[in-house]
Amino acid sequence: MRDTRLIMGMPVTVNIAETEAKSEDLEKVFSYFIEVDNRFSTYKDSSEISQINRQEITENNYSNEMKEIFSLAEKTKQQTNGYFDIKMPDGSLDPSGIVKGWAIQKAAELIKQLGYKNFYVDAGGDIQSEGRNNEGQPWSVGIRHPFDLKKIAKVIYPQGAGVATSGNYLRGDHIYNPNNYGQQINEVVSLTVIGPNILEADRFATAAFAMGKNGVEFIENLSGFESYSIDNKGIATMTSGFKNYTKHA
Amino acid sequence: MVEKKSILWYVLYSMESKNLIRKLILSFWFIAASAGYIFYSQLKSNSLTAPEQSTSLKLDPNVISVKGIYNDGSYTGLRTDAYYGMVQVKATVKNGNLTDVVFLEYPSSHGTSRYINGQAMPILKQEAIEAQEVKVNIVSGATETSIAFWESLDSALTQAKN
């Protein structure tokens, strides 16, 4: 059973590939994403993050979810030498670069708690898949061609790993070079990170993309992660273990 | 040789101390000779094997004494263009002596290895991407589709206005 809703400004698809899948369970997952959006959206004046940015809430009154996100953001910032930073040039906080992966991860855990083993959650191209598809085959993921949006540049079989792709297809206000704020990140047009789960893949994909051509090498140095980086000339660079994901078991 | 001078400059540039240059040029002849040898042998080599030498030039403090001139610590030089690639070194001063220079980045013009942060890095595989018309379960890409959706919806609603 599958459905797609527009939440957090992006298409969110939940597909539970089991005949016993119940529509009320799908609803629970979408409700969760709406709750995340209401808390973390910088486009909503009433969200907790907007209130924090207006200094209307003090730190000891942050929700547990907000504290968890800030803590993850700080850890990621240190691990990426500042290339991931939720603090914007104007001083406001925008955690969207980490909330997406975190929310997908939590949604996947919710689906597992509901008793399902074969599903995927896709929010704006960041994916956590588990088990197998309706045909009993491993889930296949196509990396979108950066210039011909109807085509696929590469097919991968994540087999339970999380897949996150960062690109310069606009929205991108959370992607910038902390060492040179004015610089447009355009050497690399699409960077896909495969990690142990979607939260891990997502938090490093944003930072690695901001590193431009060095991003894929940063991921090469990160144990347990692989990457496929496409530049503006259509040349892809991949980490040494990436090929393990291009064929299915 | 260009390579020998380059190493000197990388370390000195980050130290920012002009008077030292004269003294250090003499002291660093030893380091420069070792470093230059590594680069020279790599350029000359026809084989594709990685350099045997470590990226660290452990130094004899009795030969390289800069006592009282530099403070103890580790200092990273700028990434510098060595013509055939980028070089970046890190110098360690201990008890007032220069004890180590490590290559954080080291180019390889012919070989299969490079050094980043002192670790050997394989040259990563590259390919020209294909434009496949293939059926997959899920597509991973950036979120441009949402922008297109809103723009399309917006234009539709504009037409729908009375």
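Predicted model: local features only at pLDDT ≥ 70, side-chain atom pairs only at ≥ 80, totals over all residues.
**Ground rules.** I count residues from 1 along each chain as written, with chains lettered from A in written order.

**Chain A overall.** I found six helices and ten strands in chain A; these are DSSP runs, helices being H or I with at least four residues and strands E with at least two, numbered from the N terminus. Of the 249 residues in chain A, 58% are buried (under 20% relative accessible area, 1.4 Å probe, protein chains only).

**The sheet.** I traced an open sheet of nine strands with antiparallel pairing, in the order S1(A)-S2(A)-S3(A)-S4(A)-S7(A)-S8(A)-S9(A)-S10(A)-S8(B). Two strands pair if DSSP finds at least two bridges between them. Which strands stand at the edges? They are S1 (2-7) of chain A and S8 (125-128) of chain B; each has a single partner strand, so one side of each lacks a neighbour in the sheet.

**One strand pair.** I looked at S9 (226-231) and S10 (235-238) of chain A, which run antiparallel and are joined by three bridges. Here Ser229(A) stands opposite Thr237(A) in S10(A).

**Helices on the sheet.** I saw helix H1 (23-40) of chain A lying across S1, S2 (10-16) and S3 (119-123) of chain A, at about 15° to S1(A). Helix H4 (96-113) of chain A touches S2, S3 and S4 (126-130) of chain A, and its direction makes about 155° with that of S3(A). Contact means heavy atoms within 4.5 Å; angles run from 0 to 180 degrees between N-to-C directions, with axes fitted to C-alpha atoms, for helices over the stretch in contact.

Methods:
Heavy atoms only, no water. Buried < 20%, exposed > 50% of the residue type's maximum accessible area, 1.4 Å probe, protein only.
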